Amino acid sequence: MTTPPAARPPEIHKEPSMLLQKNMLADYFTRVSKAREEGKKIAYTFVPGNLTELLHAFDVVPVYPEINALQNGMRKRSAKFILDAEKIGHSEDVCTYVKADLGMLLNGNVGPTGEIIPEPDILLLSYTGCFTFMKWFEILKQHYPKAEVVMLQVPYQGEGTPTPAMREYIVRQLRESVIPAFERISGHRFEEDRLREQLRRSAEAEEGLVFALQSARRRPSPIDAYFGGVYYIGPMFTAFRGTPECVDYYDTLREEIQNRIDAHAGPITPEGPMAEEKYRLIVEGPPNWTHFREFWKLFYDEGAVVVASTYTKVGGLYDQGFRHNPDDPLGTLADYCMGCYTNLNLPTRVELIEKYIRDFEADGFLINSIKSCNSFSSGQLLILRELERRTGKPGGFFESDLVDPRYFSAANIKNRLESYLQMLDQRRSQAVA
Amino acid sequence: MGYTLGIDLGSTTTKAILLDANDRIVGRGLTNTRSNYEVATAVAESEAKINAHFTFLKEAVDSSPKLSSQAAPLLNNLENRFHLVQHLHRVNRLRRQCLFEAAADRLLPHQPRLTTVLNALFDQIHERAERSFSTADVDRSRFFRDIVGSEYMALAEEQSRESSIALDLLMGLYDKSILVEENQVLDLSFVEAIQQAVEAAGESETLTRVQQKALREVVEEAASQTLEVDNMVGTGYGRQRLPFRKDQIRSEILCHGLGAHYFFPGTRTVLDIGGQDTKAIQVDSQGIVTSFQMNDRCAAGCGRYLGYIADELNLGLHQLGPLALQAKRPVRITSTCTVFAGAELRERLSMGDAREDILDGLHRAIILRAMSLLARSGGITDEFTFTGGVAKNPAAVRALTRLVEENYGTMKINIHPDSIFTGAVGAALYARHTQGGIA
């Protein structure tokens, strides 16, 4: 038996935009940890349907429990947190983002970068298709009895299209309950112009994100729209949207991708530039964070590039034309909330993925089904069948979890992916023959 | 054109298939060596080649006017003797290994009694083998480790009672030595072994001189056939560690699909229940996989489930199915979690349920899990082919037949006697047709 050569820590390749984002995140977590000292208020809120621009307009610092959970997952901290949450009575089947978050809380609320995340002054709950969000904040409320809970009811897109009444319903809630609550807690009056300024910058940055996402239509694709994509959506989906830094980030990203387009180069993987684009895939569902790099490696080792993904739309479907509109500040927030991927019904999801398969000339599509996320996972097999029927492209199905490392079985997932890609190969050669 | 070889590295066994230029199976090899995949591959390959020589021998005997009248008993006897020669060779190797282990410094106080005891023990294993291999129906499903292991243990118990050597010490020596033995390829060529077998057969059989001469000739001819392997493909878990090129490695999903198509060209849905995973595969009219599902978050309901139950009941794996078929009042068991099923088994036994009734329920539970995987992969389309080690289990087959009928109506369910080789057949086909260019 051959022994593998002694392991040397491999050099990890990162794009300039990734390094920039890393610094942005570090600064952000420092800002969060010092918010109290600086007399700022803190709001915990969720990524889908987040009202970051509005929070910034009140000088409130946003904290995203989902982001903390996934960052902790990537940093291999989530396993202990999950076990600690289970210890106090949360079942094995509960969303692992929730448990990772609670576990962090139970361990002194030390965030992913090692800095303490202060308690919230307000829990802003934009309900955008995930029922667990409500329960999550219900539990947090017990731990933070002083925090005020403000709920924004976002109508689910059960019929596929938002109606004017739905839009009006959200705007009214913003005006009548969300804004007054933030005025009360922050001590600042609502200034619509401040919000408009934020939204203007959001729209500018959104152009940059869409440029990045659409670049994957090229052959070879200069980006991986899933594994790389989760980095590209980072600033946009979280605490940076509407800030000048966010605009700068997307300028850097645009330049970097343009350079690769000019050089006819593929995506940058942690092991350097990707050699050959052999398969173009679409992915539905969030990635596994605890084995993120390992999961990615399974793809790039085989020459598989993800050219579009739905997970990169949970914080907004910018690629489908939505832009924050500074001329209609509250209306645009309503549109944004309703249009997040998590708030879409099954037929709309199928249509979107079908469009991706065609527009991005994909060879096939994969679904990563998350064990602890019923909201995302239910209906995925129906999506699979329907897409196969409509496009004739084969679908593959994986099972893992968000941040619970116990549900990532590397050998099995590798086996599935390899089998899937070999199946694509075979079908290709059959089509030629 | 020469032969192609397909190797399927399983969690329980490693399988090898040798196909001739016309895609006809000429050799099958099966080994339970699994601690080292390279050795397992080499062992399975050499077994397949030996089996191929027997295939040629059978053809030669059948077409020999002097021998064809006695073909069946003659070949059977020859094969038994051949395996005896092989077996004794391994017994001797194991004996040497045990003696080597026994010569360790720390065991010096036990010498020379230990050597005497070991020699006596192996002499008896030797004698017993000569007797058991001469019977007409040798159980080929048993591996060297199984046969020798149980004999060694029984004899070691006797020896430890009669001598002052502790049983633990004797078993420890065996455990160490069998691992070494299993991780070696047999250093005995087909020609050497068959010649010894022919001599022994010639003495025992009532063959005329003319027939004996004819036998030597056909054996010589069969043994002289070279088995040039043009290409090989490996599949199964651990395939990445094989010393194969990347293009010589195929996923077992594809291999099972193609293998099932080889045995039954009408196949559209394949269910494979192996030791550590269950696969539901849909194939097109060419045997090309169009979609598949397998378990990857939890391995409940795999072949290992039955292995565990067999251990719990102190039964051989092959005894489970026939016993479950005798169920009179089947028990409903729904848990497919292996460990829970074990707990339920003990609970039911303590409540007085009959072993066969519980076993029936356990077989149904494992098939229920497979049904859910099949549904996920797109259901069952006629014809339906069942493969993998569990396809050999009659109770699993009965449960599957019933549940398919209930859920999908009547359809043709195929199970091939060589179903355990399905993946290896697919691999061997890929080995041939990758060269030809279809894959």
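Five strands of chain B form an open sheet in the order E7-E6-E5-E8-E9, and the pairing in this sheet is mixed. E7 and strand E9 (413-414) of chain B stand at its edges; each has a single partner strand, so one side of each has no neighbour in the sheet. The model described here is predicted. In chain B, E7 also gives six residues to the side that touches chain A, the largest share of that side.

**The sheet of chain B**
- Within this sheet, strand E5 (residues 269-273) of chain B pairs with strand E8 (residues 384-387) of chain B.
- The two strands run in the parallel sense, and four bridges link them.
- Thr269(B) has Phe384(B) in E8(B) as its bridge partner.
- Strands of a sheet pair through backbone hydrogen bonds, in either a parallel or an antiparallel way.

**Domains of chain B**
- Chain B is assigned domain 1, covering 64-227, and domain 2, covering 265-415.
- The centres of domain 1 of chain B and domain 2 of chain B, taken over C-alpha atoms, are 36 Å apart.

**Where chain B meets chain A**
- The contact between the chains involves 19 residues of chain B and 22 residues of chain A.
- On the side of chain B, the elements that give two or more residues are helix H8 (252-263) and strand E7 (289-294).
- E7(B) supplies six residues, the largest share of the side of chain B that touches chain A.
- Sorted by class, that side of chain B holds nine nonpolar, five polar and five charged residues.

**Chain A as a whole**
- Chain A contains 17 helices and 10 strands.
- Its radius of gyration is 21 Å, which agrees with the value near 22 Å that a compact globule of 433 residues would have.
- Along the principal axes, the C-alpha atoms of chain A fill a box of roughly 70 × 45 × 40 Å.
- Of the 433 residues of chain A, 51% count as buried.
- Among the contacts in chain A with a separation of 6 or more, 79% are between residues 24 or more positions apart.

**A β-α-β unit in chain A**
- Strand E3 (residues 122-127) of chain A and strand E4 (residues 148-153) of chain A run parallel and are joined by six bridges.
- Ser126(A) stands opposite Leu152(A), a residue in E4(A).
- Together with helix H6 (residues 131-143) of chain A, E3(A) and E4(A) make a right-handed β-α-β unit.

Terms used:
Residues numbered from 1 in each chain as written. Chains lettered and ligands numbered in written order. Predicted model: local features only at pLDDT ≥ 70, side-chain atom pairs only at ≥ 80, totals over all residues. Domains from an automatic or database assignment. Pairing = 2+ DSSP bridges. Right-handed = clockwise from strand over helix to strand, strands pointing away. Contact = placed C-beta atoms within 7 Å. Nonpolar A, V, L, I, M, F, W, Y, C, P; charged D, E, K, R; others polar. Rg over C-alpha atoms; globule rule 2.2 N^0.38 Å. Buried ≥ 20, exposed ≤ 12 C-beta atoms within 10 Å, placed from the backbone.
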